[in-house]
Structure formats: structure tokens, C-alpha cells
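Subject: Structure for you to look at

Hello,

Here is the structure I said I would pass on. My notes on what was found in it follow below.

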Amino acid sequence: LEPEPGVRRLSLLRRDSAWGVASELAVDVGGSGLEPWLIGRGVDRFVRSLRAATAVIAPSTFTLDAAARLLGDRSKLRLIPHGTAMSAASAGTHRTGPFLVLGDDRPRKNRQSVRTAHALAAQRCPGLPGLRFVGPPDDYVTEDEKERLLRECCAVVQCSLFEGFGMPVLEALAHGAPVVCSDIAPFREIA
């Protein structure tokens, strides 16, 4: 995405930023109102950068609303959702792969709950497909391998506690994969 003619693209953390990108901004965590990664990492500097930007891009309505709460103004905010290429795979494709979990292992990704739920379900349903985590620190794959996994998996599982967008959900849907996801605002916008 290129900025409008005559607008410079600069680093988000510079005071003279022309464009800023707000992703995974703010949620109510323990009453703080901020996502944990933002706490103690220069919140004031981050907010100043957003205020200094000519425009701020948000990938979801959820993130746009969070930025509006931080800024107290919606006039410079722009909703531009992420995109992904559609796959030739159709929703009717027979899927024989595992349940696929894409992303890293930060606590907000809720991997332990997914492991626990899968283990409980496997006790009741011995033929249940396996569970595969792709992403740091468990398993790094190439883009081609990820595409293959998305085409073959029985479903993509994304049970995050919060997200700014949810690219794995969008990628799963683009590949015709069923999605099991948590009921959070960004996922509701996509799925």
C-alpha cells in the first residue's frame, strides 16, 4: 500500500510520521486498557507517534476503535483490512491433515487451552486428527509448506484471547479450510 501522493512514509516512532500503522493496539487487560506488549514499552511515545501521524491505518474495526480511544479522535484513522491470495482449493476438498494452529506461542495465542481441549476431545474420539502448531518456537515452515498445510488440514484452530486482526483465520478461509476460532471482535469481522 502506498501513501497518497505527496505524503511521505516514515517510521511509526518518529514525531514527524506521515503514516502510522496501528495493529493489535489496545484491549482491556486487567483493567489497564492496554495490551500487555504495550505496557512498559513507551506507551506515551507510541501514542505521540499516532497523534503526529497524518493518517493511521488499522487492519480491523476493533483496532480502529482502540486507536480512536487512545487518540480521542477518529478523523485520521483509516480502516484497511489485510488481504491474502485466494487458493484454488475449494471448501468441498477432502481434508485428511491435522488440526492446524498458526502463529507464535505468546500467551494471548492461548495455545495451552488448545492443547488441553484437543487432548480431552481425543479421549472421547480416538480417531480425532492430530494437532500441529506451526510457528515459533515449535515449527518453522516455508510459505509453500504453509500453503500445503492450509489445503490439507481438517481445520484451522485460532483460539486467541485477543488479536488486532487475525491473519491465520483469513488465510484459512481463503484456502477453503474450516475454522474453529475464539469469539473475539477481529475474528467476527473475518469469519
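A residue counts as buried when its relative accessible area is under 20%, and as exposed when that value is over 50%. Lys 146, at 13% relative accessibility, is therefore buried. Please keep in mind that this is a predicted model.

Salt bridges

The count comes to 10 salt bridges. Lys 146 takes part in one of them, with Glu 143, and the closest N and O atoms are 3.4 Å apart. Both residues belong to helix α4 (residues 143–152), where they are 3 residues apart, about one turn of the helix. Glu 143 has a relative accessible area of 51%, so this residue is exposed. One network, joined by salt bridges that share partners, holds Arg 108, Lys 109 and Glu 163.

Arg 108 is buried at 6% relative accessible area, and Glu 163 is buried at 5%.

A further salt bridge joins the side chains of Arg 132 and Asp 139 at 2.5 Å, N to O. Arg 132 is partly exposed, at 25%, while Asp 139 is buried, at 18%.

Strands around β4

Strand β4 (residues 99–102) runs parallel to strand β5 (residues 131–134), with 4 bridges between them. β4 also pairs with strand β6 (residues 155–158), again in the parallel sense, over 2 bridges. Phe 99 has Leu 131 as its bridge partner in β5 and Ala 155 as its bridge partner in β6. Together, β4, helix α3 (residues 111–124) and β5 form a right-handed β-α-β unit.

Which way do the side chains of β4 point? Phe 99 and Val 101 point one way, Leu 100 and Leu 102 the other, and all are buried. In a regular strand the side chains alternate between the two faces of the sheet.

Nonpolar cores and rings

The largest nonpolar core has 10 residues, among them Phe 46, Leu 50, Val 56 and Leu 64. Elements α1 (43–52), β2 (55–58) and α2 (61–71) each give two or more residues to this core, and α2 gives the most, with 4. A second, separate core of 9 residues includes Leu 102 and Leu 150.

The count of aromatic pairs is 0. The charged end of Arg 115 does sit over the ring of Phe 133, 4.3 Å from its centre.

Regards

Conventions. Residues are numbered from 1 along each chain as its sequence is written. This is a predicted model: local features need pLDDT of at least 70, side-chain atom pairs count only at pLDDT 80 or more; totals for chains, interfaces and linings use all residues. Side-chain values use heavy atoms; hydrogens and water are left out. Buried means under 20% relative accessible area, exposed over 50%, partly exposed in between (1.4 Å probe, protein chains only). Two strands pair if DSSP finds at least two bridges between them. A crossover is right-handed if, with the strands pointing away from the viewer, the path from the first strand over the helix to the second runs clockwise. Rings of Phe, Tyr and Trp (its six-membered ring) pair if their centres lie within 6.5 Å; planes under 30 degrees apart count as stacked, over 60 as edge-to-face and the rest as tilted. A charge sits over a ring if NZ of Lys or CZ of Arg is within 6 Å of the ring centre and within 35 degrees of the ring normal. A nonpolar core is a set of buried Ala, Val, Leu, Ile, Met, Phe, Trp, Tyr and Cys residues joined through side-chain atoms within 4.5 Å. A salt bridge is a side-chain nitrogen of Lys or Arg within 4 Å of a carboxyl oxygen of Asp or Glu.
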